[in-house]
Amino acid sequence: MNINRVLLIGNLTVQPELVEAGKTKIVNASLAHHQFFENGQEERQELTTFVEIKIWGVSAENFAKHVRRGQEIFVEGALRQDRWEDDQGNKRSKLYVNVATWQFAQRKNDESATKSPGNGLAKKR
């Protein structure tokens, strides 16, 4: 059995920009995922990982319309890999999350987080 599922919460690192590829609309963006841990001296440390994401179609249009740089969002999707050859003939590749659904990450006392223009799946807790 093969499983390819990614769940992430992070802060959007750039203002989303909607682009068209033929008749399809796409947003390419990046999330900063923050992980906190204690080192051997009991000091709190932070590890930030930057993850590229791609959102397609109507979901991409809603994302570009409603999400702003710095906002915390939740994405669910699958890991994908782009491969290409650069100008010098070197083979290159990049991993990204192909987003199936997204929503605002909910914070305490944040009413806007219960609305999800990305897919309508958000539920108020």
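Along the sequence, the chain follows the pattern β-β-β-β-α-β-β, that is, 1 helix and 6 strands. Helices (H or I, at least four residues) and strands (E, at least two) are DSSP runs numbered from the N terminus. The model is predicted: local features need pLDDT of at least 70 and side-chain atom pairs count only at pLDDT 80 or more, while totals for chains, interfaces and linings use all residues. Residues are numbered from 1 along each chain as its sequence is written, and side-chain values use heavy atoms, with hydrogens and water left out.

Two strands pair if DSSP finds at least two bridges between them. S5 and S6 are antiparallel and share 13 bridges; among the partners are Arg83 and, in S6, Ser93. The hairpin of these two strands has 5 residues between them, and Gly89 there has a positive phi near 85°. S4 and S6 run parallel, joined by 2 bridges, and Ile53 lies opposite Val97 of S6.

Of the 125 residues, 32% are buried, meaning under 20% relative accessible area (1.4 Å probe, protein chains only).

Contact means heavy atoms within 4.5 Å. Beyond its neighbours within four places in sequence, Ile55 contacts Lys25, Ile26, Val27, Ala60, Phe63, Val99 and Trp102.

Methods. Buried means under 20% relative accessible area, exposed over 50%, partly exposed in between (1.4 Å probe, protein chains only).
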